[in-house]
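Please view the sequence and the structure together before reading on.

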Amino acid sequence: MAFTTAISPPSAARLRQRLPNRSPLSRPGTIRCTSPSISVSPSQSMQFDFRSYWTTLIADINTKLDEAIPVKYPQRIYEAMRYSVLAKRAKRAPPVMCVAVCELFGGHRLAAFPTACALEMVHAASLIHDDLPCMDDDPSRRGQPSNHTVYGVDMAVLAGDALFPLGFQHIVSHTPTHLVPEAQLIRVIAEIARSVGSTGMAAGQFLDLEGGPNSIDFVERKKFGEMAECSAVCGGFLGGAADDDILRLRRYGRAVGMLYHVVDDVLKAKAKGEGDEEKKKKKGSSYVDVYGMEKAMEVAEDLRGKAKRELSAFDKYGDGVVPLYSFVDFAADRSFTIDSSV
């Protein structure tokens, strides 16, 4: 439910004026990684081409997702599943974050790919269900008509229902047993189940529908922070991270997921302007709706700082932590666009 909206660089530029840690030396396509609590050598990690890192992983993940969901009987369900999972404008943020964290702790990329694909399946399933008329009632997703708009509400429900268990099955059947011990794999499966369940994203969607004056913080944390938190934690489990590090990854991922969506709210509000009728009709609320533009920007700045503070404990890993710092900057700055068809 996080990392879902495509934002163009011109809109993001307006927000950068208020968010910290941007350098005038930064340029589109390269993110300047900064941390509030460390000093790093420019030759090591001051400049990192996050776009190339991300798009390279996208190519591998897209291939594996295509292989993981072949069309078979009943054909219509599989076509609906593939339609959402293989959408060309999907950014693949959950699987990329999972792989980056796994590699930070010395895990092999091949060990992370099955879980990375499962996270994308679960993410796509949650978006299919979110878009339904009885939920957020969104007619489009990832630059194309929503699943139910093309295949009908009944088939969209079935496609989402099928993707959730397929993700778990894919982890169990495709993770190399010589790279990931069974105990770690069980923790991965339990984490994904928790994140999508009645205390995770489902709870966030429930309160988003119900509304209420004090619900926005919970909705942001559960509906939008949960997927990134789960992705970071699963990467940690696959890489063999210690329990203390898992807690840091949990807080880091949650902050990044929430940051991404709060920035989305700000950019959308700036693009639409006040009094937009379409926004008024849409179900749910945003930080901008509840607290106003200035407060939403302050929340974004705070979340960016929180995410980077959690990462400071991993600076001992050197360049391995740079992609995770870059995730924070991308969530805040949107210095480039991601297209999974690259």
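## Basis of the description

Helices (H or I, at least four residues) and strands (E, at least two) are DSSP runs, numbered from the N terminus. This is a predicted model, in which local features need pLDDT of at least 70 and side-chain atom pairs count only at pLDDT 80 or more, while totals for chains, interfaces and linings use all residues. Residues are numbered from 1 along each chain as its sequence is written, and side-chain values use heavy atoms, with hydrogens and water left out.

## The largest cavity

A cavity is a set of points, on a 1 Å grid over the protein atoms alone, where a 1.4 Å probe fits but cannot get out, and its lining residues have an atom within 4 Å of a point. Grid points are joined across faces, edges and corners, and a volume is the space filled by probe spheres set on the points. The count comes to one cavity of 30 Å³ or more, and the largest cavity holds about 70 Å³ of space.

Its lining has 13 residues, with Ser84, Ile128, Asp131, Arg141 and Asn147 nearest the centre. At least two lining residues come from each of α4 (75–85), α6 (109–130) and β4 (144–145), and α6 gives the largest share, three residues.

## Helix α16

Helix α16 (residues 322–333) has 12 residues and spans 16 Å from its first C-alpha to its last, close to the 16 Å expected at 1.5 Å a residue, where the expected span is 1.5 Å times one less than the number of residues. Of its 12 residues, 12 are buried, meaning under 20% relative accessible area with a 1.4 Å probe and protein chains only. Just after α16, Arg334 takes a positive phi of about 50°.

Terms used
On a 1 Å grid over the protein atoms alone, a cavity is a set of points where a 1.4 Å probe fits but cannot get out, and a pocket is an open set with protein on both sides within 12 Å along at least five of seven lines; lining residues have an atom within 4 Å of a point. Buried means under 20% relative accessible area, exposed over 50%, partly exposed in between (1.4 Å probe, protein chains only).
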